Amino acid sequence: MEHQIKFIPPGKTIKVRPGSSVLHAAREARVFIATRCGGNAGCLMCKVEVVQGRESALTPPSDAERYKLGPLLEQGIRLACQARICGSAEVKLPEDPLKAAIRKQLEKQSADDELW
Ligand code: FES
């Protein structure tokens with residue numbers, strides 16, 4: 001039985017086999033998640049937020065994931081390379097750091113313009 005994983009953004013949904021990692025599902029869906037450690041829970045670049053299915057759609061965190069994420073786990077943050085799919089879920093991807101910096105600069109500029 002396959003499960004559906006939705007990635008937001010971009011809003012793509014893909015069906016995957018149970019046991020696939022979230023990172024693998026993202027790659028199957030052609031959704032980019034940055035990595036540097038090759039999926040070994042070493043770089044923390046693949047953090048995602050589980051919006052739906054936090055308790056039921058992913059396997060419990062591994063010891064490595066617990067160690068790396070600590071209290072972030074309670075906020076629904078998981079490592080895409082470690083979390084295995086066992087149900088349907090909706091996963092939110094972090095904003096690209098460059099895009100976030102540009103967005104913040106534009107928001108600041110817009111706020112400054114309103115003052116004049
Ligand atoms: S890919 Fe490096 S921690 Fe997941």
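## The largest pocket

In this predicted model, the lining of the largest pocket consists of 10 nonpolar residues and 4 charged ones, with no polar residues. The space in this pocket amounts to about 430 Å³. Its lining has 14 residues, and those closest to the centre of the pocket are Phe32, Pro94, Glu95, Asp96 and Pro97.

Two elements of secondary structure each give at least two residues to the lining of the largest pocket: strand S3 (47-52) and helix H3.

## The second largest pocket

The volume of the second largest pocket is about 180 Å³. What kinds of residues line the second largest pocket: nonpolar, polar or charged? The lining divides into 5 nonpolar, 2 polar and 5 charged residues.

The lining includes Val50, Leu58, Pro60, Pro61 and Leu73. Arg54, Glu55, Arg66, Glu74 and Arg78 also line this pocket, as do Thr59 and Gly76.

Leu98, Ile102 and Leu106 make a nonpolar surface patch of about 310 Å². One of these residues, Ile102, lies in helix H3, which covers residues 97-115. Helix H3 also supplies at least two residues of the lining of the largest pocket.

Is Ile102 buried, partly exposed or exposed? The relative accessible area of Ile102 is 47%, so Ile102 counts as partly exposed. A residue needs over 30% relative accessible area to be part of a patch, and the value for Ile102 is 47%.

Definitions and conventions. Residues are numbered from 1 along each chain as its sequence is written. This is a predicted model: local features need pLDDT of at least 70, side-chain atom pairs count only at pLDDT 80 or more; totals for chains, interfaces and linings use all residues. Side-chain values use heavy atoms; hydrogens and water are left out. Patches are made of residues with over 30% relative accessible area and no salt bridge: like charges are joined within 9 Å, nonpolar side chains (Val, Leu, Ile, Met, Phe, Trp, Tyr) within 5 Å. Accessible areas come from the Shrake-Rupley method with a 1.4 Å probe; for residues, only the protein chains shown count as cover. A salt bridge is a side-chain nitrogen of Lys or Arg within 4 Å of a carboxyl oxygen of Asp or Glu. Helices (H or I, at least four residues) and strands (E, at least two) are DSSP runs, numbered from the N terminus. Buried means under 20% relative accessible area, exposed over 50%, partly exposed in between (1.4 Å probe, protein chains only). On a 1 Å grid over the protein atoms alone, a cavity is a set of points where a 1.4 Å probe fits but cannot get out, and a pocket is an open set with protein on both sides within 12 Å along at least five of seven lines; lining residues have an atom within 4 Å of a point. Grid points are joined across faces, edges and corners, and a volume is the space filled by probe spheres set on the points. Ala, Val, Leu, Ile, Met, Phe, Trp, Tyr, Cys and Pro count as nonpolar, Asp, Glu, Lys and Arg as charged, and the others, Gly among them, as polar.
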